[in-house]
Structures are given as C-alpha cells and as structure tokens.
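This report describes a protein model for a reader new to structural analysis. Please look at the structure below before reading on.

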Amino acid sequence: MNTFKALVDWLKQAITETEQFHLGFAAESSEFVRFNHAKVRQAGQVQQASLNLKLIEGGRHADLSITLAGEPELDRQRLAAGLQQLRETLPLLPQDPYLLLNHNAWQSQNEQAHPLPDLAQVLEDISQAANGADLVGIYAAGPISRGFASSDGAFGWHQANSFNFDFSLFHANGEAVKASYAGNHWDSAEFARRVQLAREQLEFLGRPLHKLAPGEYRAYLAPAALEEIISLITWGGFSAQSIASKGSSLQKLYAGEQHLSPLVSVDEQISGSLSQAFSSEGYPRSDVTLINAGKADGQLVNSRSAAEYGLSANGAGSDESPSALQMAAGCLAQADILKQLGTGLYISNLWYLNYSDLPAARLTGMTRFATFWVEDGEIKAPVSTMRFDDSVYSLLGSQLEALTAERELLLSASTYGQRNTSSNLLPGALVKRLTLTL
Amino acid sequence: MFDHHATLKKHFGALRTSAEFFSLRYVRESGQYLSVRKNVAEPPSLSQDEGAMLTVRLNGVEAYAATHDISLSGLQAALERAEQQARQIRPHALLDLRDQQVSSDVADYLSPDLSQPFPSLSDCYQLLGDESAAVPKDERLVSWDVSLGLTHVEQIYLNSAGAELRQAQRFVFPGVSVTAYDGNDSQTRTLGGTNFGQQGGFDVISRFGLQGAAPKVADSALQLLLAPNTPTGPRDLLLLPDQMILQIHESIGHPLELDRILGDERNYAGTSFVKAEDFGHLQYGSKLLNVTFDPDIPEQLASYSHDDDGTRASKQFLIRDGLLLKPLGGALSQFRSGMSGVANSRASSWNRAPIDRMANLNIEPGNQSMAQLIGGIEHGILMSTNRSWSIDDARNKFQFGCEWGQLIENGELKGVVKNPNYRAISAQFWGNLSAVGDAGTSRVLGTPNCGKGEPNQVIRVGHASPACVFSNIDVFGGDA
C-alpha cells in the first residue's frame, strides 16, 4: 500500500488546480503450476503491477494504463510520463457529455494477510492425493492488491492472499470429473477429502456410456452447471447500457414482457465478498437486487450510464457485469436431489455457452465433465457429451421445479491478464424440461 | 525502435546462473482504443506495458519467472526465482528437456509499412465521428458504434545459445456495429471488430472499407428487422469468409493444437477428437480442403519470422486434399510427441509462457467464382458474419450463428432471413465441403480474441479463407 500511497501523494502535488485525477492500482505476485498426468507440466512466477490513470480537465478525460517497474523512482517517472501523455491528449478531445464524477472522499480498506501455503507442501499433497489418477489442472497462488485514489480524497485499498487449485480427474475412457480447492488456508486433509470425492465420482464414469437421443429430459443442474448459464447471462444481461441499447439478453425481462420463476432471486452482493468494495471509476460498490422473485429489479449502473440514461450509479465497473453474484437458495435438500429428479440427467458442468437468439434469451451449450443418466433416483451411467438449446425463460422460468437449499460458493479460476477475484454463490436447479439437440 | 535492445543485451550478458540454458523474452506494448458511440466520442483508452520473462532449464527441468522490473537486479532476481522453482518442481516434473534443441537464430521482423505514420488521435476521432454521423436518422436504430484499436508490440528474445530475435509489429482493428430495434426484436450488424484485424498502417483502414461503411451496416440491420426467421431443415450452406474464419478456428485450428492432443488443456480449453495417430491417415475433409499454417502473408495478424520460443516459421500444409498431415505443435510439443509440427509456440505477453497456439491458419483458394458458388446451389442458404459460437471440448459437436442469412433457390440469391444458425459435427462437416471459392472470394481476416491456456491467455490469430459451400447441413432460426 505504501508504494501506491507514495504515487498518489506525488500525483496530488503534480496536478494543476484545474486538473483532477482517478488513479487505480492492481498488483499481484503469482505462482502458477500446471499439471498434466498428475505431474508438473509447466511452472512459473509472475510479478506485475500497474496503474490506471484518468486525467480530467474542462470536461475532457482520458485513461492510460501504465505497467510499473517495481522501483519507486522509476515508477514515479513512468507516472509523470503518463501524466504528460494525457495532458497532451486532452486538448485533442471533445468534451464528454457523459462524464460524471464522484466527489466524495470515501475511504475503504480491507487487508487479509493469511500466510500462503508452502509450494513444496502443496506439490507433495497433490502428488499423494493424485496417486495413480490422471490429474490435470492449475494451481495459482499469491497476494493480490487493488487500490483506488482520487484528487477529491477518495481512497480504497484491498489486499488478499489466496490460492485456487482448479483440477479434473480423467478416466482412461476419456470421461472426467471436475473439482477445485480454493481459499486462503491450505488444509491437506480437506484437499485429500475433495480429491477422494472426485475419485468416487470417477468410478461411475467407468461404466458404459448411456447414449441419449436429442429430445426433452428432466435434468438437475449442479451449481457449477448453473454458473455457466448465469455467467453467459451476466455478459451484458444486467448492464444498464446493454439494456438501453437492446444488447442485453434480459431485455424482455427488464421490459416486463417476460418473467422467470418466482423461485429466482438474484443479487450482486459485494458486501462480504472477495471482491474489492470500490469500482475502478471511484465509486463505492453497492449491493443490488437484480431479479426479485422472477421479476427484473435493479441494473448495474456505472457513472457513464448514470449520466447517459439518468440513472443512479451503483459502483458497477466499466463492463457493468456482476462480480459477487448470489442466487437465493430454494428448499430442495441435497439428499433428495436424485429422488426428486427421478429419471433424467444429473449435469455437473456445462461448457461453451452462447446465444441461439439473444433477445429471446435462448442459449446453447454442451455438457462437460460428469454428466449422468439417472433412473428412479439412482445413477445408472455416464452420458455422452450432448448439446442443449433452450431459453432462460424456460430453464429458470416455466420449467424450473426447485432450487437446492444448499448453495455453493464458486470462486473464479480465471487468469486472463490477472487473477480474477469474482465469485458466484449459487444453488443447484431441478428443471422439468431441458432440450437436447445434438 | 528496439531502443532497449542494447541495455537488455548487456543485462542478459551479465546474468549469473547455474542453468544449462536460459532465455529472456522482453515485450513492450502500447495500445490505443477509440470509439464514437451514437455520435459521442468515448474517452480514449491508452496503455503502456512492458516486462520480461526469464526461463531457465536446470537438469532438464524448465521454469519461468516474469517480472515488471527489467533492471539488471530485477532480471537477476527473476532468474533466481525461476531457478528456485525449477528445483522445487523437479521431483514432480512431467518433462525431461535435457535433449531438446534450442534456437540460435538471429533475425528481425517488422510489420509492413511500420515506418508509415499513423493518423493522429484527433484525425482518428474525426474519421470515426464522420462515420458515426453517417448512420441514417431512423428511430429503429437504437445503438451504433464506430471504433478503432491500434497496438504496437516490440519483442526481443535472447537466449544463452546466442539467439537474438527482434520483432516490431503494428496491429490495426477497425469496427462498426449498429443495432436496430422494432419494439419486439433487436438485430445487430457488425463489420470488423472481433473478426477483422491486420498488421500495417492506415492502409488497413482503407482495405477494411471503414469510410462509407456505417450506412450500409445500418441498412442491413434494418433489413434483418423486417426479415422472417431462418427456416429449419437441411440445406446447402454457403459461408462467406467472415464466418469461415470462425469455422476454421473452432473446428480445424483448436482440434489440431498438439498440446490439446497431448492432454495439457483437458482441464480448461479441452481436448481434441483428433488423435496423434490420425496424422498422415485421417481424411479430415473432402478432397477440396487444403489448410495451411502461413506466416508469410505480410498483413495477416500472426505473420512473423520466428515464434516466441525462437523457432523459424515457414508455410506448411496441415491438410492437403483433405488428408490430415501435421498438427499445430511448436518445438516443445514436437519434442514430446516425436511428431513434426510448425512454429506456433506463442505467448500473449511477457507475463505468460508460450504454448501451442493458432497463428495464421488459412484455407487455400479453390477455383469457383462467387457466381459459380451460388449458381451451383439448388436449395441453400448464404450465411455471413459470426455472432455466436459453441463447440464441445473435443471440438466436434458445434452450433454457430451468423448475423446475416439469405436463402438460395435454384442457383439464385433470394430473400434475407434473420437469426441464421447451423449445427453439425466437425468430423463429418468438412467431408461435406462441396465447393471452394477462388482467390476473388477470399479475404485476409483474423481475431484479437483467442482464449486458451492455464494461466489464461488471449492472443491474436489470423485466418484467410475463400467462401465455401457445404452440402446438406442442418440450419435453423431463432424464437423471435
């Protein structure tokens, strides 16, 4: 935090009376270890830190991302060069009618410094637990920092140590089960328990494949499978700009022309989540109810959308997508899932979803990892990879029978550019009809 | 250009290590993304990024450390972290690389027209603003956006075997998008964006045809609003190049990546329906199918002289006359598998390690004009511009959707249809390739957004393709 604070202090004295700034900070020191066939395929460390500087003057503004060098004097020089680049850029721009600044000097600080697991211990635990199994996946660990400061005195800091081991076990027949172990305290016994659970599922996958014909089936979507559907929807679905410009898949929900099951309530619950409590544009992030008992409620609104559409900003980021989404639990007990499913599909994961018809919220995707055929409440056989094509208004609307009482916290394993801190807290969903097409 | 080269070379020479082999890959990237949305200039998004990856090989075990600190002490510290990592993973390492050959090549590679100045930021905004203003006034046109992405990348690769490889590239990504809405349905038409990008200068924008594009894109969005849904059932399918690139990418490119076949990607990007023993034997498509890895088309996104492990790149046939010949596997995958491959070991930046990627993956032109392609179809549909893609983790069962559809009956183009989708299985689909367009139907395209790898990486890939016809494919429309 001291590195960031020093740069903020320098910038405060460097700007003129007519200039304002936002300064974001992101850093991580990450250990990445890839596994294939239960051995280390590739390993390395990444140290990176960057600033995002927004300079504002006379209704004009521009953003510049700058990678830091990790050496205070050189970092200050880079920030100074960035400031100069933006000073030369602003006169070339028109005034922005949608510039909306938050002048509050809010303060937010969250630091978690739990010791990280020792890599040698982790490697040993993985080696032992995987003994004889075909394990593939990635272990990512290390501290992550995020910061924000403005010329108006706002200051936010978030730092956390975490690890995420995202892996799968493969059967010799090519079928696989997916699992993960993430958090900030590595417990060898808990990790071994998770691998053992995956091994038990893997045994079912050794049975002969049950081949399904395209058609309509009862199905249970485990939380990780439901997450794939939710993740596609959140790709602009709750975004104020997407809703206004008819790019949201939930536009009919927000127009009141469609509804979901009354069982479905969805919130962006930043408070208490792993994500930072402030946006990159200088707003504290609010908790927002997005869907209430099947009906559209709030939207995710960043400052630009607030200015353009006359809404209140609620701290959404530039892409207006959630990062700590929660779906309300239902009443279906974990122990009753198979019994209530009766005959149909138990789907652990889905994969590669996209839209067949975006305005109609009709989507398609594949089953992947541990999908089983269930008869009379008993798992009978794994199912070959199948494609589905169905509407959100059907799956989470007219055909939704129940949500589970237990929810699962799914931490993002995404590492595009940097390690992601988003999460989803989701139940499983029992649906009366899922349409398989190929 | 390459102004850090002398310093880096000096630092590299001063590094101390007990490794039998080590390398440094330095990347400096600057970016600029401009957009005018509904006649309002969005604030520019600019970036300056640089850092280096040090890779060591100790007793046959490789590890890397990437650092934003490129001072001598920063590089030395990174090298030591990589050494420490290599020692730590040694008891668990999958690979013994003691016998793997390394590059000692020395070369420079520059994008075409790199010395040609690019228009100023205000000139770019003027261009985008003019095009945005050219969108006709129609209350059904609810959203539009004209954009321009520009990225400069310099890379310097040095290794202890004497390799010294420098690349300086400029990438240009123009785009237009218009959404029309009639109170019930919305339809979006795009030009460029995620399916067009090239190396070069302002000439890329000219080749793309940005000036004058927006009114045409808007008109086609309005046409789609009035169009009926795509009918359901089997038809001959004519795919234009801006859908062919997605088709090549998902159902030829990814399945031929050798690291997928070797199992590295099974936890994330997936595996492949292609097996190692299929090369040289599998009839991947009809005899009309010729697929090349081609790093030599100057303007194409992934043209380069060497990949990010230092292997020299050259044009190779991966599929000839429909027969599968070679995988997309770089030097490491070739060493692991004993198979021949191509120079496609690539990293998204300094903070990610090279892995097998697509680069320029192209379909060679055939001999039919567009008129002949259409004229040869009795009951079919033309589809253009990808908007939806979904395929299983073995890259076999797919469903793709396009923005634009037009029915073809008795050799003639007929009415426009909306929401055109099709689904098939890769292993059979390419066997249905029944006609390949000539060079006049071919375009050099590409995407900046190919995701893969653990940790995840997004990389630029190029695809050039003629229009192609596939017989008897299941097509269908949407709900609206």
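## Elements and overall form

Chain B holds 10 helices and 24 strands; these are DSSP runs numbered from the N terminus, with helices (H or I) of at least four residues and strands (E) of at least two. The model is predicted: local features need pLDDT of at least 70, side-chain atom pairs count only at pLDDT 80 or more, and totals for chains, interfaces and linings use all residues. Residues are numbered from 1 along each chain as its sequence is written, while chains are lettered from A and ligands numbered from 1 in the order in which they are written.

The C-alpha atoms of chain B fill a box of roughly 70 × 55 × 35 Å along the principal axes. Of the 480 residues in chain B, 59% are buried, meaning that 20 or more other C-beta atoms, placed from the backbone, lie within 10 Å of the residue's own.

## Two domains

An automatic or database domain assignment supplies the domain bounds. Chain B is divided into domain 1 (5–226) and domain 2 (233–476), and their C-alpha centres lie 21 Å apart. In domain 1 of chain B, 37 residues are in contact with 35 residues of domain 2; contact requires C-beta atoms, placed from the backbone, to lie within 7 Å.

## Where the chains meet

Between the chains, 73 residues of chain A are in contact with 63 residues of chain B. Strand β2 (residues 39–57) of chain A gives the most to the side of chain A that touches chain B, with 11 residues.

Methods. Contact = placed C-beta atoms within 7 Å. Buried ≥ 20, exposed ≤ 12 C-beta atoms within 10 Å, placed from the backbone.
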